[in-house]
Amino acid sequence: SKYPFNGRTVVLVDLDGTLANNSKDADLAFGDHNKKKDFHNFHKASENAPVNEEVLRLIRDMRSDNLNIVVLSGRTDSYAQETINFLKNIDV
């Protein structure tokens, strides 16, 4: 199909800090104001970040109601595989 959505309702879900509960990784990567922000290690670690179970439950409920879910991230394409692996690991 040319148009991958069913119906017209689309729900946007943020990834980092919302679906991915990666605040500990963020603290390690960005917490020390005397050091350069370490986006590389933050995004690499995100593949194995814990999931926010409440957000995951909401996503699954919305999917069972045939709503379209779009997960958004500001990550660059160079971390696409880590992002895909995270989503596969949590079955989203």
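Among contacts in the protein chain between residues at least 6 apart in sequence, what percentage join residues at least 24 apart? The share is 80%. Contact means heavy atoms within 4.5 Å.

This is a predicted model, where local features need pLDDT of at least 70, side-chain atom pairs count only at pLDDT 80 or more, and totals for chains, interfaces and linings use all residues. Residues are numbered from 1 along each chain as its sequence is written, and side-chain values use heavy atoms, with hydrogens and water left out.

**View 1. The protein chain has four helices and two strands.** Their order along the sequence is β-α-α-α-β-α. Helices (H or I, at least four residues) and strands (E, at least two) are DSSP runs, numbered from the N terminus. The C-alpha trace spans about 50 × 30 × 20 Å along its principal axes.

**View 2. The largest nonpolar core has 13 residues.** Such a core is a set of buried Ala, Val, Leu, Ile, Met, Phe, Trp, Tyr and Cys residues joined through side-chain atoms within 4.5 Å. Buried means under 20% relative accessible area (1.4 Å probe, protein chains only). Those with the most contacts inside the core are Val 13, Leu 15, Leu 19, Val 51, Phe 86 and Ile 90. Strand E1 (10-14), helix H3 (53-64) and helix H4 (80-89) each supply at least two of the core residues. H3 gives the most, with three.

Methods
Buried means under 20% relative accessible area, exposed over 50%, partly exposed in between (1.4 Å probe, protein chains only).
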